[in-house]
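My entries are below, in the order I made them.

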Amino acid sequence: MPNNGWPADRIDTEHAHSARIYDYILGGKDYYPADKEAGDAMAQEWPALPIHMRANRDWMNRAVRWLAEKGGMRQFLDIGTGIPTSPNLHEIAQSVAPESRVVYVDNDPIVLTLSQGLLASTPEGKTAYIEADFQDPDAVLNSAEFRETLDLDKPVALTVIAIVHFVLDEDDAVGIVRRLLEPLPSGSYLAMTIGTAEFAPEEVGRVAREYAARDMPMRLRTIDEAHEFFEGLELVEPGIVQVHKWHPDGTGEQNIRDEDIAMYGAIARKP
């Protein structure tokens, strides 16, 4: 667990945090006892939780590679980056195209303290980090890092991965995503994963209650509600599907059952 002289007054070690729970479940080291307790409780309620979380991470790897290779993307805006875990988004994109430019966004101070790992760009490319909240898109779009790193005369891939299930209806997750897409030019892409309870409602419902008990209420969405994020965009085949079914390449865990995955994934192009 971390002990690197980070600003203790900004990092709440007494309460679990979604990014640190994710890090713990994936076998990372940047978590605290409250995160371990929460992760263990959630995995007890739904033993497939580690499979589900690894599948989401594997989807990110495949999606970014697809965006760089097939979509031709050389600019990325990653919202809700989370704790750095190699390969990070810029490492994947720059392995395809070293000139790729990436802006990371997160509001967790522990991510900020670890952000040096996110800023180790190739000489040809560039990375930047913005400390901002997903629910304040103007703070992202008006930042110097956004304006100085990305060229809005060229397409940008907006990645919003495993975050909107923590945004309740009154905070308008769809509206936030549309605001972030608004300044991006034609030919840009939106890549998202969206939490759902449609395949294991009882088990995933119990996990959601564990999150809510720790002041992290969730809004899990149906397939029809997931489609709302992509209205007006051109979905890439196979459309919105569970993450393990989106362009599988044989590198992730095999023989995953549908009921072990509580996340939709999709990529769509802005006309």
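The model is predicted, so I took local features only at pLDDT of at least 70 and side-chain atom pairs only at pLDDT 80 or more, while totals for chains, interfaces and linings use all residues. Residues are numbered from 1 along each chain as its sequence is written, and side-chain values use heavy atoms, without hydrogens and water.

Cores. I looked for nonpolar cores (buried Ala, Val, Leu, Ile, Met, Phe, Trp, Tyr and Cys joined through side-chain atoms within 4.5 Å; buried means under 20% relative accessible area, with a 1.4 Å probe and protein chains only). The largest has 37 residues, and W59, L67, F76, W246 and I267 touch the most other members. Helix α3 (49-69) is among the elements that supply at least two residues, and α3 gives the most, nine.

Helix α4. Its buried residues are L89, H90, I92, A93 and Q94. Their cover includes α3, β1, β2, β3 and β4.

Crossing. The axes of α1 (residues 18-25) and α2 (residues 33-45) come within 9 Å and cross at roughly 65° (lines fitted to C-alpha atoms over the stretch in contact, angles from 0 to 180 degrees between N-to-C directions). The two helices are therefore roughly perpendicular (65 to 115 degrees). On the α1 side, R20, I21, Y24 and I25 make the contact (heavy atoms within 4.5 Å).

Notes: Buried means under 20% relative accessible area, exposed over 50%, partly exposed in between (1.4 Å probe, protein chains only). Helices (H or I, at least four residues) and strands (E, at least two) are DSSP runs, numbered from the N terminus. Angles under 35 degrees count as roughly parallel, over 145 as roughly antiparallel, 65 to 115 as roughly perpendicular and the rest as oblique.
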